[in-house]
Amino acid sequence: MNPESRDLDLRKGDVERPHFEAVTTLSDSQAIRSVDFHPNGKLYAVGSNSKTFRICQYPALSKLRHGHQAAVYPPSVLCKRTKHHRGSIYCTCWSRDGELIATGSNDKTIKYMRFNNDTNQLVGHEMELNMHDGTVRDMCFLDDSSTKSRLLASGGAGDCKIYITDCGTGTPFQAYSGHTGHILSLYSWNNAMFVSGSQDQTIRFWDLRVNVSVNTLDNDRKDGGLESSAVTAVCVDPTGRLLVSGHADSSCTLYDIRGNRPIQRFYPHTAEIRCVRFSPSAYYMLTCSYDNSIRLTDLQGDLAHELSSVVVAEHKDKAITIRWHPTEFSFISTSADKTATLWALPPS
């Protein structure tokens with residue numbers, strides 16, 4: 001049974017709305033900016049402003065029940081590296097096969113390491129990339145089907161370029177130009193295509209088979225593509241048909257990629273949105289914001305109509321990043337309150 005197929009009526013009263021329970025909380029000495037699940041869902045990696053990198057074990061949820069009042073416990077940490085970077089860790093990303101894990105930092109470097117899926121251990125020496133001249137804000141892995149190489153797209157501050165690195169050789173072999181402001185978000189949904197969001201208030205679509213942006217969304221479009229607000233987060237649903245963007249003005253925009261048209265703009269938060277993510281089957285969407293909250297939006301039905309959303313989790317300070325579990329109806333959020341919390345919906 002698809003865990004997303006559960007009937008969650010977000011329009012019900014507070015008592016009947018879905019209540020995600022905090023299951024584990026990882027605490028750090030500084031804000032936690034980045035998290036990503038291993039593709040098998042059994043592990044997740046966390047990067048902090050304290051320069052610390054951890055790999056944690058996903059807990060068993062079999063005993064979780066509604067009204068679960070047991071103390072929230074820390075996750076089991078399988079690997080911990082202090083001073084992993086010379087600066088704060090801004091982004092963390094697993095490859096699709098789970099055999100590589102990469103981190104980016106405001107020390108302007110990227111590090112990636114091999115991971116053994118059988119022993120759950122990092123193996124060999126880490127590789128360090130130094131082509132960026134500013135903070136590395138986001139990354140995403142792609143796979144070159146012709147050469148079987150794992151490729152890493154990365155972007156951030158500085159020269160506003162997106163670099164493509166062949167992780168087999170450790171060589172950056174392509175640099176995409178087009179953005180005129182810091183790149184704040186990257187997302188890939190297949191082996192060749194990825195999308196970028198920028199401080200320059202535009203979204204660009206890229207194809208590894210060509211050297212330029214294949215489409216740009218901005219506020220100059222006649223159909224009102226975007227507002228005049230920095231694009232802080234982008235995500236594409238698994239079918240490649242639907243884009244959602246989050247913005248500094250607290251808005252979200254849903255965009256029909258194949259029809260090349262905006263569907264609607266809505267305001268689920270009261271402060272800057274920092275991350276947006278479709279659930280694995282795209283029935284729902286999570287957004288997190290500097291208003292400290294994480295909201296769940298129902299995407300089942302006519303997307304041009306008013307969308308129902310509800311707060312499903314809150315932090316004590318700004319919420320920074322969210323990631324859905326690959327198969328379970330659970331997610332992790334990170335915050336300036338120095339925590340990374342795993343939230344899950346108890347069985348019906």
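## The enclosed cavity

By class, ten nonpolar, five polar and six charged residues make up the lining of the largest cavity, in a model that is predicted. The structure holds one cavity of 30 Å³ or more, and the volume of the largest cavity is about 280 Å³. Its lining is formed by 21 residues, of which Tyr-90, Arg-137, Leu-184, Arg-274 and Thr-321 are the closest to the centre of the cavity.

Which elements give two or more residues to this lining? They are the strands β2 (32–37), β6 (89–94), β10 (136–144), β14 (183–188), β18 (231–236), β22 (273–278) and β26 (319–324). The largest share, four residues, is supplied by β22. As background, rolling a probe the size of a water molecule over the atoms shows where empty space is left.

Cys-140 is found in strand β10, an element that gives two or more residues to the lining of the largest cavity. Is Cys-140 buried or exposed? With a relative accessible area of 6%, Cys-140 is buried, because buried means a relative accessible area under 20%. Along the chain, Cys-140 and Ser-95 are 45 residues apart, while their C-alpha atoms are separated by 8.0 Å.

Ser-333 has its place in strand β27, which covers residues 330–335. The relative accessible area of Ser-333 is 0%, so this residue is buried as well.

## A nonpolar patch on the surface

Val-210, Val-212 and Val-214 together make a nonpolar surface patch of about 220 Å². One of these residues, Val-212, is placed in the loop between β16 (203–207) and β17 (213–217). Why does Val-212 count as exposed? Val-212 has a relative accessibility of 52%, and the term exposed applies to values over 50%, so Val-212 falls in that class.

Notes: Residues numbered from 1 in each chain as written. Predicted model: local features only at pLDDT ≥ 70, side-chain atom pairs only at ≥ 80, totals over all residues. Heavy atoms only, no water. 1 Å grid on protein atoms, 1.4 Å probe; cavity = no way out; pocket = protein on both sides within 12 Å on 5 of 7 lines; lining within 4 Å. Points joined across faces, edges and corners; volume = space filled by probe spheres on them. Nonpolar A, V, L, I, M, F, W, Y, C, P; charged D, E, K, R; others polar. Patch = residues over 30% accessible without salt bridge, like charges linked within 9 Å, V, L, I, M, F, W, Y side chains within 5 Å. Areas by Shrake-Rupley, 256 points an atom, 1.4 Å probe, with all protein chains shown as cover. Salt bridge = Lys/Arg side-chain N within 4 Å of Asp/Glu carboxyl O. Buried < 20%, exposed > 50% of the residue type's maximum accessible area, 1.4 Å probe, protein only.
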